[in-house]
Amino acid sequence: MGSWNVSINGNDTAADLCSEYTCAFYYYKDVNEALKRIDEYVRKHICDESDEEEWCNYFYSLADFMWKKGILTEEIKNQTIN
């Protein structure tokens, strides 16, 4: 993973995932279905909870993306904060 600044999207993982979020939320109109598909993709191709740094990059960038789009769920918000 590369990092170029300390912002939420200032690393390769978060930057790459932003395009995945855009596609998933466009294709799957239901937020919960999009979240399910994103989670499956991340677990299969990027990381799981055992890689704490990458997992945080995933969750923080997901919450940031959803917040900016006005679709942040309480579940994602709570998981990100905790």
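The model is predicted. It holds 6 aromatic pairs and 4 salt bridges. Two of the topics meet at D39, which touches W55 and belongs to a salt-bridge network.

**Aromatic pair Y21–F65**

- The ring centres of Y21 and F65 lie 5.5 Å apart, with the planes at 55°. An angle under 30 degrees would count as stacked and one over 60 as edge-to-face, with the rest tilted. The pair is therefore tilted.
- Y21 sits in helix α1 (residues 12-27), while F65 sits in helix α3 (residues 52-69). The pair therefore ties together parts that are 44 residues apart in sequence.
- Y21 is buried, at 0% relative accessibility.
- F65 is also buried, at 10% relative accessibility.
- F65 and Y21 belong to a cluster with F25, linked by ring pairs.

**Aromatic pair W55–F59**

- W55 and F59 make a tilted pair, with 5.5 Å from centre to centre and 50° between the planes.
- Both residues lie in helix α3. They are 4 residues apart, so about one helical turn separates them.
- W55 has a relative accessibility of 12%, which counts as buried.
- F59 has a relative accessible area of 11% and is buried.

**Charge over a ring**

- K29 lies over the face of Y26. The distance from the ring centre is 4.3 Å.

- D39 is part of helix α2 (residues 31-45).
- Its relative accessible area is 21%. Buried means under 20%, so D39 counts as partly exposed.
- D39 touches W55 and Y58, leaving aside residues up to four places away in sequence.
- D39 and K69 are 30 residues apart in sequence. Their C-alpha atoms are 18 Å apart in space.

**Salt bridge R37–E33**

- The side chains of R37 and E33 meet in a salt bridge, at 2.7 Å from N to O.
- Both residues belong to helix α2. They are 4 residues apart, about one turn of the helix.
- R37 is partly exposed, with a relative accessible area of 35%.
- E33 is partly exposed as well, with a relative accessible area of 24%.

**Salt bridge K68–D64**

- K68 pairs with D64 in a salt bridge, where the closest N and O atoms are 3.1 Å apart.
- Helix α3 holds both K68 and D64. They are 4 residues apart, about one turn of the helix.
- The two partners fall on opposite sides of the accessibility cut-offs, which are under 20% for buried and over 50% for exposed. K68 is exposed, at 57% relative accessibility. D64 is buried, with a relative accessible area of 12%.

**Network of D39, R43 and E49**

- Salt bridges that share partners join D39, R43 and E49 into one network.
- Within it, E49 bridges to R43, with the closest N and O atoms 2.7 Å apart.
- E49 is partly exposed, at 43% relative accessibility.
- R43 is partly exposed too, with a relative accessible area of 38%.
- D39, the remaining member, is partly exposed, with a relative accessible area of 21%.

How values were computed. Residues are numbered from 1 along each chain as its sequence is written. This is a predicted model: local features need pLDDT of at least 70, side-chain atom pairs count only at pLDDT 80 or more; totals for chains, interfaces and linings use all residues. Side-chain values use heavy atoms; hydrogens and water are left out. Rings of Phe, Tyr and Trp (its six-membered ring) pair if their centres lie within 6.5 Å; planes under 30 degrees apart count as stacked, over 60 as edge-to-face and the rest as tilted. Helices (H or I, at least four residues) and strands (E, at least two) are DSSP runs, numbered from the N terminus. Buried means under 20% relative accessible area, exposed over 50%, partly exposed in between (1.4 Å probe, protein chains only). A charge sits over a ring if NZ of Lys or CZ of Arg is within 6 Å of the ring centre and within 35 degrees of the ring normal. Contact means heavy atoms within 4.5 Å.
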